[in-house]
Amino acid sequence: MAGSTLVIKNLHVSIEGNEILKGVNLTINGGEFHVIMGPNGTGKSTLASAIMGHPHYEITEGSIHIDGKDVLEMEVDERARAGLFLGMQYPSEISGVTTSDFLRSSINARREEGDEISLMKFIKEMDATLDFLEIDKNMAQRYLNEGFSGGEKKRNEILQLMLLKPEIAILDEIDSGLDIDALKVVSKGINKMRDENFGCLIITHYQRLLNYITPDNVHVMMQGRVVKSGGPELAQRLEAEGYEWIKEELGIEDETVGQNA
Amino acid sequence: MTVETKLPYDKDYIKQFSAERNEPAWMNSLRLEALDQAGSLEMPKPDKTKIGRWNFSRFKHAAKGEVISSLSELPLEIQDLLDQDNLPKNLFIQRNQSVAYASLSDELKDKGVIFTDIFTALTEHEELVKRYYMKDAVSIDEHRLTALHAALMNGGVFVYIPKNLQVEEPIQSIFWQEDPEVALFNHVLVVADEGSSLTYVENYVSQNDEQETISNVITEVIAHDNAKISFGGVDNFAAGTTNYMNRRGVAYHNATIDWALGQMNDGNTVFENETYLVGDGSSSEAKAVVVGRGTQIENFTTKSVHIGLDTHAHILQHGVMKEKATSIFNAIGKIEHGATRANAEQESRVLMLSEKARGDANPILLIDEDDVTAGHAASVGRVDPLQLYYLMSRGISQTEAERLVIHGFLAPVVTKLPIASVRAQLTKLIERKVY
C-alpha cells in the first residue's frame, strides 16, 4: 500500500460543552477517495475541523493518527507538515498578505531551511496551476481571500491543494455555492490529484459533485456518527431516494446532532 | 494651574547660542520672547495620556557632530536609510547639531530649489524663513513645549520649491542624534510654492537606550495654491528619548499634502499630525503606522481641519502594541462652519499582541457645517485566532503566521511610503520591534 494512512477512532468532539461528534471511526488510505454525505447539522464539518485542529473544537475522547503518529498531539502547522490539508468551507481573509506570498510561505514551510523553492520555479508552477483552474492571474497579487467571491475562494483552496500536494486532503463543502462551470473546474483539480499516494476525504451534502468525482467509499453521517458506509452505489441510491430510507432503517427520527436514536 | 517653572536654560545662554550662529535680530528676539512665554504656559494636555511625570527637563542642549566626507563613513544603521543602488542626489544629514553631509543636484539648485540647514537658511534666505517660521502652521504660544521649541531650536532644515516646479527626485533628510544626551529641538520647514510638487522624506535616529534626553520636533509644511507635497517620515528615537513631535500642514487652494509616517520611537511619545485644509478643493491623506513595545506610553493625534469648500481628508492609522506598551490614537475630523461639501474620513485600528498591551482608538468628528460627508471606523483587537488557524493549516508556523498577519495589518501604510529604501528600512524596523 502506497501513501499515507489516516485513522480516526471513536472520535468525540465538543464545542462550548456541546458534544457534536459521538464516536466517529474512519480510515483513509493513500489512493482512496472517500465521501462523507449527510444532511446539514450532522457533524460533517466538525469532523473536518477537528482533524485539522480548529481552535474552537475540543476533542473529548478518541484518537486520530497519520501513519501511526498522534495527530491530536500536534499543533495545526505540524499536522499540515505531517501531510494533512483542509480545504475550508469558510477560508479566512487576510489583508495585506498577497495570495502569492502566502503560497510561497506555505510551500517553503514544508521544505527544509536552505531548500526553499526558487522564485522562478514557484512562479512557473503557480502560473500553470492558475491556468489549469482557469483563475485570473491577478489573483496571485490580491490579498488572500480579501474581497474574493465565493467561487474564487473555493478555487483558491484547490489551487493551494494542488501546489502543496498533501498526502491526505479533507475538502469541506468545497462544492457549496459553486455554479456548474466552477464545479467542473474544482472537480478537475481534485481529479488531477488522484494517484496512489494521495488520499482524500470529501465532505458534501450535494450529490451533484459526484457527477464529476467518483468516490471509492461513501459514508453517511447522522447524529455525530458515521451511520452507513458503502461504495459508489450508496451515493447513487442517496441521489435517487434521499436520506429517509437510512433513517427508517436505523430508526432515526431527527438526524441532527443533539438527537439520539 | 499656572506654575512658574524653572527652565533648564536661561536668557544669557540663548542670547549666546543665537549669537554664535549669527542669527538675525528677529530670530534672537523670537527666542527670548518664547523663553519668557515658556515660563508661564502650561504643558500640552494630550487626550487620555498623563505626561506630568515624563522627562521634559533633563537634557543637554548643544553638541556638535563631525562632517563626513563620504556616505560610506556612516554607520550601517544610517546607510540602511539610503537606496544603495541609487544614492540620493538630494540628501541632508544632520549629526547632532552639525551638518554632516548636504547635497542638492545642480539642476534643482539652478531652478531655485532651496534645501539647506535651518541656520544657513536664516542668514541666506532670511525673508523666506521669517515669512513662514512658526506663523501659519504652528504658533509659539500653543503650550510650553511649542514655546520651548522656539526658544531652544537647535537644528533642522528648510526646503523651498519655487513656483510651478515639479521635483521628481525625492528630497531626503536624516537627523542623527549621535550624542546620547543631547536634545533635539528640530525645526523642519517645507514650503511648496504655487503649482509646484515634491516628495520629501525624513528619518530620525538615535541610540540612547540608557541616557535620558528629549526630542521636541516641529515640522511645518506649507502647500501653496495647486501645490502637491508627498511627505514621508520614519521616526526611530531610542528608549531614552522622550518625544514631542508635531508635524503640521497648511494646504491652500487645490493643494494636496499627503503624509506617510512610520512611528517607531521606543520612548514615551506625544505625536500630533494636523493638516489645515484652508483653500477650496484642498485635500490630505494621512497614513501612519506605529509599533509600541516595552513599557512605553504614546499618544497619537491625527487631525484634519476643514476650512475651505470641497476639502477632502482621509486619516488611516494602524498600530501594533506588544509587551506592556500603551497607546492612545485620536483621529479628529474638524469641519468648520462654511466648509461646505467637506469630506472627513478616518480609520484607526490597533492590534494588541499581549495581554498587558493597551490600545485605545478614539474617533472624533467635530462638525459645524450641514452639507458635509464624514465617516469613521475604529477597532482595537487581538490577532484573529481563525486567521492564524488558516495560515497554520498550510504548515506555516505560529510565529511566521503572526508575522504575516502583522505585516498585512501594517501594509496599507508601509506600502505608501514614497521612497523604496525608506519603505524597506521601515519594514526592517517593524521586524525588529515586533519580534
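In chain B, helix 10 (residues 420–434) gives the most to the lining of the largest cavity, with four residues. Keep in mind while looking at it that this is a predicted model.

Let us stay with that cavity for a moment. Its volume is about 30 Å³, and the count of cavities of 30 Å³ or more comes to one.

Now turn to the place where the chains meet. Here 18 residues of chain B are in contact with 33 residues of chain A. The area buried between the two chains is about 2000 Å², and carbon and sulfur atoms give 66% of that area. On the side of chain A, the residues that lose the most area to chain B are D77(A), M88(A) and I94(A), together 23% of what that side buries.

Which polar links cross this interface? Between chain A and chain B there are nine residue pairs in polar contact, counting pairs with both residues at pLDDT 80 or more. The elements of chain A that give two or more residues to the side touching chain B include helix 1 (44–52), helix 2 (76–81), helix 3 (99–109) and helix 5 (150–164). Strands take part as well: strand 6 (84–87), strand 7 (94–98) and strand 8 (143–144) of chain A are also among the elements that give two or more residues. By class, the side of chain A that touches chain B has 16 nonpolar, twelve polar and five charged residues.

How many salt bridges does the rule find across the interface of chain A and chain B? There is one, and its side chains belong to E157(A) and R394(B), with N to O at 2.6 Å. Over all chains, the structure holds 42 salt bridges. Another of them joins E241(A) to R237(A), with the closest N and O atoms 3.2 Å apart. Both of these residues lie in helix 7 (residues 232–241) of chain A, and they are four residues apart, about one turn of the helix.

| E157(A) | R394(B) | 2.6 Å |

Key. Residues are numbered from 1 along each chain as its sequence is written. Chains are lettered from A and ligands numbered from 1 in the order in which they are written. This is a predicted model: local features need pLDDT of at least 70, side-chain atom pairs count only at pLDDT 80 or more; totals for chains, interfaces and linings use all residues. Side-chain values use heavy atoms; hydrogens and water are left out. On a 1 Å grid over the protein atoms alone, a cavity is a set of points where a 1.4 Å probe fits but cannot get out, and a pocket is an open set with protein on both sides within 12 Å along at least five of seven lines; lining residues have an atom within 4 Å of a point. Grid points are joined across faces, edges and corners, and a volume is the space filled by probe spheres set on the points. Contact means heavy atoms within 4.5 Å. Buried area is the accessible area (1.4 Å probe) that two parts lose on being put together, summed over both. A salt bridge is a side-chain nitrogen of Lys or Arg within 4 Å of a carboxyl oxygen of Asp or Glu. A polar contact is a pair of N or O atoms within 3.5 Å; within protein, one must be able to donate a hydrogen and the other to accept it, and residues adjacent in sequence count only if both atoms are side-chain atoms. Ala, Val, Leu, Ile, Met, Phe, Trp, Tyr, Cys and Pro count as nonpolar, Asp, Glu, Lys and Arg as charged, and the others, Gly among them, as polar.
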